[in-house]
Amino acid sequence: MTLSYQSVGKRVRLSRILGDNRGSLVFAFDHWLEHGPTDFPGDRIDPKIILEEVVSAGVDAVMLTPGDARLLADIWAGRTSLIVKITGKTSLRPENERLLQSVIGSVEDAVSLGADAVAATVYWGSPFEDAMLRQWTAIRETAEQYGVPALQLAYPRGPSIRDRHAPDIVLYGVRAAVMVGADLIKTYYTGSRESFKLVVEAASGVPVMMSGGPRRGTPLEFLRDLRDVRLAGAAGAVVGRNIFQAPRIAAMARACRSVLRLELSPEEAVEQFLV
Ligand code: FBP
């Protein structure tokens with residue numbers, strides 16, 4: 001059977017992000033929008049400085065908003081892959097509306113920027129789940145026409161969800177993401193290799209990446225989680241704060257990459273890059 005142009009496009013773009021299941025490190029950098037200044041203590045205000053450090057360390061892709069992808073193109077273009085996140089929210093909006101993300105760009109914007117994927121969040125379990133699924137479906141359909149993979153940030157979050165990291169809850173969100181056509185899924189870590197293996201299995205071959213989360217107590221703790229999700233069969237991780245809040249950003253990015261690629265153990269990575 002002859003493949004469609006779109007399915008070839010998707011395959012080519014996905015391979016730029018994931019390689020041949022090499023253990024991919026994506027740098028998430030939409031935090032100025034999502035969280036604001038609290039994520040950027042001290043003098044870490046300029047996104048250019050942070051992004052340059054991370055890109056120079058060598059990551060498989062960066063995930064940026066459309067505006068930052070344009071503004072920071074001199075830094076990432078030609079050096080790494082781009083994922084454009086086209087939904088977002090601020091922490092300034094009223095508490096009861098923080099379970100909804102707004103559309104902040106289009107698939108066409110992402111294509112114009114040269115993106116290898118578009119990303120959108122779905123808060124599974126949110127009172128706004130219906131609105132987010134409508135957004136997701138429109139994005140996924142358009143992305144399909146351009147042969148652009150659609151990454152879903154599949155985040156269980158809502159009044160009925162007590163623990164968003166609970167294995168059953170994460171697994172449910174991932175399965176749901178597969179059922180609505182995600183090509184790549186980013187989700188919460190369930191806390192153990194065994195439970196994350198079940199999450200990966202529930203995705204039935206759709207690549208799953210761990211979402212970094214707040215900065216851990218020590219780099220070693222985080223690197224051990226990266227090693228465990230990799231051994232659980234994850235395609236890699238999408239990491240923001242654990243890299244850009246580290247004392248030495250580029251060194252931490254290198255450590256994460258070598259662990260995800262299973263080139264070094266977490267302990268060896270600390271020894272090589274972080275002492
Ligand atoms: P982190 O590694 O810093 O957790 O980044 C991943 C990410 O999904 C970002 O893309 C996003 O800004 C943030 O986490 C969402 O954070 P929250 O869980 O507070 O909504």
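Two strands are called paired here if DSSP finds at least two bridges between them; the strands (E, at least two residues) and helices (H or I, at least four) are DSSP runs numbered from the N terminus. This is a predicted model: local features need pLDDT of at least 70, side-chain atom pairs count only at pLDDT 80 or more, and totals for chains, interfaces and linings use all residues. Residue numbers start from 1 along each chain as its sequence is written, and side-chain values use heavy atoms, with hydrogens and water left out.

**The barrel**

Begin with the strands. Eight of them close into a barrel, running S1-S2-S3-S6-S7-S8-S9-S10 with parallel pairing. From one strand to the next the twist averages 25 degrees.

Now select S3, residues 81-85. Five of its five residues are buried, meaning under 20% relative accessible area with a 1.4 Å probe and protein chains only. Look at both faces: Ser81, Ile83 and Lys85 lie on one side, Leu82 and Val84 on the other, and all are buried.

S2 (residues 61-64) pairs with S3 in the parallel sense over four bridges, and alanine 61 has serine 81 as its bridge partner. S6 (residues 117-124) also pairs with S3 in the parallel sense, over three bridges; here lysine 85 is partnered by alanine 119.

Next, pick S7 (residues 150-156) and S8 (residues 184-187), a parallel pair with three bridges. Leucine 153 sits opposite lysine 186 in S8.

**Helix H13 and its partners**

Switch to helices and select H12 (residues 249-260) with H13 (residues 266-274): they pack at about 150 degrees, axes 9 Å apart. Axes are lines fitted to C-alpha atoms, for helices over the stretch in contact, and angles run from 0 to 180 degrees between N-to-C directions. H12 and H13 are therefore roughly antiparallel, the label for angles over 145 degrees. Show side chains for the contact (heavy atoms within 4.5 Å): H12 brings Ala251, Met252, Arg254, Ala255, Ser258 and Val259, and H13 brings Pro266, Ala269, Phe273 and Leu274.

Pro219, Leu220, Leu223, Arg224 and Arg227 of H10 meet Pro266, Glu267, Ala269, Val270 and Leu274 of H13.

Notes. Parallel < 35°, antiparallel > 145°, perpendicular 65-115°, else oblique. Buried < 20%, exposed > 50% of the residue type's maximum accessible area, 1.4 Å probe, protein only.
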